[in-house]
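Here's a quick briefing to read with the structure open. We'll go through the domains, then the charged side chains.

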Amino acid sequence: MSNNSAERRIGARGQAFRERSLKFMEAAARAARNWYGRDGEWIADYVPAHTRERYWVAGALYAVGEAEWADAIVLKGETERYGEIQFNIFNTNIASSLLVAHRDKMSTIVRQKLEELVRDGFSFKPGNRQPDFQFHGYNDNMPAKATAGLILGGELLGNRDAVEYGIWNLKQLRAMLVRNGINSEFNSPTYSGLTIRAIGEIAAYARDEEARTLALGIEERLWIDLAARFHPEMGVLSGPYSRAYTVDNAAHASCISSLLWFCIGDRVNPSPMLLFDLPENLVLHHMGDVPFNVSQFCWFASGYYHVPDVAYRMFEGKSYPFKAVATCELGAGAGTDFLARASRIETVLFPDYALGTSSAPFGSMEQNNSYFVTYKRKDHVGSFRDIGTIFTKLTVNDDIPGSVVQAKDKDQVYPNAGEADILPSCANTFTIQSGSTAMVLTHPHPSFDEVAARKPLTALNEQIILSAHGGDVEEIIVGGISRKEWSGKVERGQWIVCRTGRLLAAFRPMAYTQSEQPVSITLESNGNYQFIRVGLYEGEPRCFSRDELRLMFGGFVAEHASVTEYASLAAFAEELEAARFTDYYWTTRRARYRRPAGRARENLDIEISWSPGSMSPRYATINGRRIEQPVAEIDGVPNGELPFMEQSFAAIPPFFPWKDLTVAWGDMPSAIGDREA
């Protein structure tokens, strides 16, 4: 198979990408001497690598001339079997990538092993052709992997049916990007890069011209949206996020920071090279599991990317304020509680901070960040410690940010530890944004988790969380009165106003319940986090009915400003005291926030009518007008620069490939009425 990447990645940018990628992979190969014996056996005291990690690091070893060692590591990896078929959405399609890039370096037995795995991936069930690996509102990175495996593996092994199926998948993703500004798994610091890598590999390697053309247009669309939400002076991807883990919430060493560093260099924070000499307090996914993270970042280092010029321009600099809006579509979960819906994604970037919101949460809410702030701690950002973040979670029982967890694999405990990978959230959320202002309304979702909904609850808390890895809040005013430290109770109806780095931030909780007893509001700290805890319930263990959960109301208004906009924090706080709130429930929750014009801002009137459990409001207005819902709107980027947006309609060909809609690992609710011939 010919390698088109050299033709597509040319010039200084391509050469710089190759140099950074090779530098990382060579360092990974040196580090891997402490993890694997030359026979491929795991020798480290970290959690043993799973097969996907073995394949990720093997790609780097093949690239730096360690083919025999890479072979040994690959041979020790096993993939689960379902009868005669072996399949894993990761292993199967990483195998395809390894064959495309390094087939001629492999021993015969390794090549045969991977070819067998790729060939099994052409199957219907289990395999890449299962109905759950489609672009239908969920985890887009998985159908993207499946599509790359079908097209590239199909061409490699002479299976034209697999290639045609993969092209059908690409046409469905193209159709999604005609009717939406971005894909469903939007702006995820963990998963967006995986989708880009899979699609970029098709664009680089596919022999089929239609596949290459579709993939290139899709990849460019994904890059443009990503670049629009990147803050060049901080070097981070701004929110909101569809799926984010603790490492992403802290803006530390994430998948997206590694991908961006390989592509655009030291403008990005943090560099993945820090993994080889870990600084204190750098958060890593999988509880500080260095081998896992290095291996995964090798996967991004070995990819082929086609970043369009319009994206490079936004990566390099922006005129502030800079605004990016897009729609996306989200699928429905089991039952009727997580309904299929549309969401409006908005990011506004300012010189010292960025605010991002999504009107509806992704998936079943636990990984979602519908409200997210990134900000500078210093005028010049020199490291990841100079960046702070703010986000919100609605948690149950003892879940709080900053919990340190020991790494485990089944019953075995390992010495490495780190912050818990995820602080799950249990809120259905609706968010509305006007520039630097956000109104966030929440309800504890009646079925946020079927197990959690049934088990007794001792606490139900909404938390507004400020990362403090680079420093604590420096100044705080509550209800117009300064406090010496971040602690103590807050009376309902008071503004909590703080200065942290170059950001002024103010939060006014809007939480109440059916009970006449007011909710508790406290300022608390744990580990590297400070947070506002709003207690919707705290007491003896008990179960709540769905109606009780639906009649607990959370949320807040958040105002943000740069330290350059006001003479002092007190001046910022004083201006907000003139704002007024109305918030009550009668068949729908009706919330209104009015802020008179001030020194740095025009007057603002936000109003929402929203039912508990709903995915969309009856109405949501800013200054009396319904919020506009553009497909995509990026400052300085005409729609003509977005692939597919102004092309004529191209229908997806008639094709319905499934005999049934089940999967190998469980029955799913399904029904087929008519099917296309």
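Predicted model: local features only at pLDDT ≥ 70, side-chain atom pairs only at ≥ 80, totals over all residues.

The chain splits into domain 1 (12–311) and domain 2 (321–402 + 420–638), and the structure holds 29 salt bridges.

**How the two domains meet**

- The centres of domain 1 and domain 2, taken over C-alpha atoms, sit 33 Å apart. On the contact itself, domain 1 puts in 49 residues and domain 2 puts in 51 residues.
- Between them, domain 1 and domain 2 bury about 3,900 Å², with 57% of that on carbon and sulfur atoms. On the domain 1 side, Arg229, Met234 and Asn249 lose the most area to domain 2, together making up 15% of what that side buries.
- As for polar links, 25 residue pairs are in polar contact between domain 1 and domain 2, counting pairs with both residues at pLDDT 80 or more. Elements that each supply at least two residues of the domain 1 side touching domain 2 include helix H8 (160–179), helix H10 (209–228) and strand E3 (230–231).
- How many salt bridges are there between domain 1 and domain 2? The count is one.
- Arg179 and Glu329 pair up through their side chains in a salt bridge, at 2.7 Å from N to O.

- Asp386 and Lys378 form a salt bridge at 3.7 Å, N to O. Asp386 is buried at 8% relative accessible area, while Lys378 is partly exposed at 48%.
- Arg533 bridges to Glu524, with the closest N and O atoms 2.7 Å apart. Here Arg533 is the buried one, at 11% relative accessible area, and Glu524 is partly exposed at 23%.
- Arg589 has a salt bridge with Asp583, and their closest N and O atoms are 2.7 Å apart. Arg589 is buried with a relative accessible area of 0%; Asp583 counts as partly exposed at 22%.

**A salt-bridge network**

- Glu559, Glu565, Arg595 and Arg601 are tied together in a network of salt bridges.

- Asp140 lies in the loop between helix H6 (108–120) and helix H7 (141–157).
- Setting aside neighbours within four places in sequence, Asp140 is in contact with Phe135, Asn183, Ser184, Glu185 and Thr195.

Technical notes
Residues numbered from 1 in each chain as written. Heavy atoms only, no water. Helix = DSSP H or I, 4+ residues; strand = E, 2+ residues; numbered from the N terminus. Contact = heavy atoms within 4.5 Å. Domains from an automatic or database assignment. Buried area = accessible area lost by both parts, 1.4 Å probe. Salt bridge = Lys/Arg side-chain N within 4 Å of Asp/Glu carboxyl O. Polar contact = N/O pair within 3.5 Å; in protein donor to acceptor, adjacent residues only side chain to side chain. Buried < 20%, exposed > 50% of the residue type's maximum accessible area, 1.4 Å probe, protein only.
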